[in-house]
Amino acid sequence: MERIPILRMGEFLLVTIQVDMHDRLALTLQDDLTAAISKNSSRGVLIDISSLEIVDSFIGRTLGNISAMARVLDAATVVVGMRPAVAITLVELGMALSGVRTALNVEKGMQLLQECLPPKLQEDDDSSD
Amino acid sequence: MITSRSRLPEFLQKYGSDLHNEWVREQLSIISRHGVIRENELRDETRRFLALLQETLQKASVEEFSTGAWDNMRQLLSEISRSRGLQGFSPTETALFVLSLKRPLCERLKKEFSNDAQALYNETWVATELLEKLALHTSEAHLKAREEVISRQQQDLLELSTPVVKLWEGILVLPMIGTLDSARTQVVMESLLQRIVETGSDVAIIDITGVPTVDTLVAQHLLKTVTAARLMGADCIISGIRPQIAQTIVHLGVELGDVTTKSNISDAFALALRQRGLTVCKQKSTSAPKP
């Protein structure tokens with residue numbers, strides 16, 4: 001069965017969706033991702049959907065759900081690289097994905113995740129302010 | 001119902017030139033005050049019209065108006081009414097071109113068939129029906145010509161009015177001008193999102209100084225655009241909100257949510273610069289001599 005790979009990069013997880021999502025694939029991703037967050041105790045998830053050309057309300061909702069679930073597991077989610085057509089479709093479907101953080105590309109998404117990282121987690125080398 | 005053969009073609013042939021003169025006189029009395037159309041032109045048009053009408057009537061009956069036999073006639077009429085439309089004639093005046101033929105024609109028919117009531121009725125009926133069909137066609141062609149002009153202008157407006165300007169590295173401005181409807185918003189939204197991708201901008205300023213009124217529909221369109229840009233990872237600032245518009249928005253109960261709004265574009269630009277961590281500072285005086 002085909003799966004979407006989840007890559008670990010330090011404290012973050014990187015998911016690149018390169019194929020057209022169908023419902024089962026989205027649900028599998030949801031399962032895999034929550035499991036991976038909990039296993040690696042990740043602090044952030046970056047989902048790159050720049051290759052995704054078609055979305056429906058189910059995929060949109062799943063993206064929102066994944067983000068909400070990640071938040072419950074104490075990980076920030078950033079969705080990056082949404083295409084204009086996809087954005088328009090989601091808006092027309094009435095899905096604003098209000099809980100999801102977004103960025104233009106992977107680079108900016110990573111930056112956003114770094115900013116989301118609580119500072120107390122960094123090794124306190126000289127935090128004697 | 002009307003019998004198969006009408007005597008109208010022969011009648012037209014017989015009295016063609018008389019009818020022509022009377023018709024032109026009739027028309028001139030109606031439209032002369034406009035002075036837009038010259039008598040020669042009118043004479044020429046009416047002559048062509050009558051000749052073609054007679055020719056067509058010999059081949060086909062009035063009932064076959066929508067068939068191919070009447071194609072030339074319809075084409076001539078369309079041509080005439082299109083040129084009238086471009087000259088700024090009203091639909092009524094354009095339709096009068098055909099309808100003004102009615103009086104001369106009916107009077108001629110009355111004289112011709114004064115001792116045959118049945119024939120007079122038949123021929124009048126055919127003539128009336130014919131003129132009505134021609135007049136309807138004229139009106140339709142006139143409207144169509146006008147509509148073409150309108151839709152072309154709309155298209156022009158659509159293309160002219162949605163420039164997306166790059167103001168700074170990573171900052172786009174979309175100055176909106178004119179009323180926003182669904183079709184325009186779609187174009188605006190698409191071009192804004194496209195430019196966001198192309199330039200990799202993360203702040204977009206939507207300036208609505210040129211939008212005359214904001215009602216719930218326009219506000220909804222704006223919010224859609226903002227949401228779509230946010231989904232792609234760009235922040236939107238709405239600027240150029242005039243006092244009246246602010247009042248309308250509040251009175252209508254439109255919820256702008258967490259969209260940043262600024263009263264003018266320079267405030268919005270300053271905010272955008274700040275969001276990107278940029279500051280503007282005055283250059284140190286260059287006139288001072290350097291050591």
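**Notebook: a look at chain B**

I began with the sheet of chain B, where five strands form an open sheet in the order S1-S2-S3-S4-S5, with mixed pairing. Strand S1 (165–168) and strand S5 (260–261) of chain B are at the edges with a single partner strand each, so one side of each has no neighbour in the sheet. I noted for myself that this is a predicted model.

Next I followed one pair of strands. S1(B) and strand S2 (residues 171–177) of chain B run antiparallel and are joined by three bridges. I found Val165(B) opposite Val173(B) in S2(B). A reminder from class: strands of a sheet pair through backbone hydrogen bonds.

Then I asked myself which strands helix H8 of chain B lies across. H8 (residues 216–231) lies across strand S3 (203–210) and strand S4 (235–239) of chain B, and runs at about 155° to S4(B).

I turned to the other chain. Here 15 residues of chain B are in contact with 14 residues of chain A. Helix H7 (182–199) and H8 of chain B each give at least two residues to the side that touches chain A. I sorted that side of chain B into seven nonpolar, four polar and four charged residues.

Last, I looked up a helix pair. The axes of helix H3 (residues 71–86) and helix H6 (residues 117–160) of chain B come within 8 Å and cross at roughly 50°, which makes H3(B) oblique to H6(B). The crossing is right-handed. Among the residues that meet are Leu77(B) and Ser81(B) in H3(B), and Leu134(B) and Ala141(B) in H6(B). By class, I have four nonpolar, six polar and four charged residues in this contact.

Methods: Residues numbered from 1 in each chain as written. Chains lettered and ligands numbered in written order. Predicted model: local features only at pLDDT ≥ 70, side-chain atom pairs only at ≥ 80, totals over all residues. Pairing = 2+ DSSP bridges. Helix = DSSP H or I, 4+ residues; strand = E, 2+ residues; numbered from the N terminus. Contact = placed C-beta atoms within 7 Å. Axes fitted to C-alpha atoms, helices over the stretch in contact; angles between N-to-C directions. Nonpolar A, V, L, I, M, F, W, Y, C, P; charged D, E, K, R; others polar. Parallel < 35°, antiparallel > 145°, perpendicular 65-115°, else oblique. Left-handed = near helix turned anticlockwise from the far one by under 90°.
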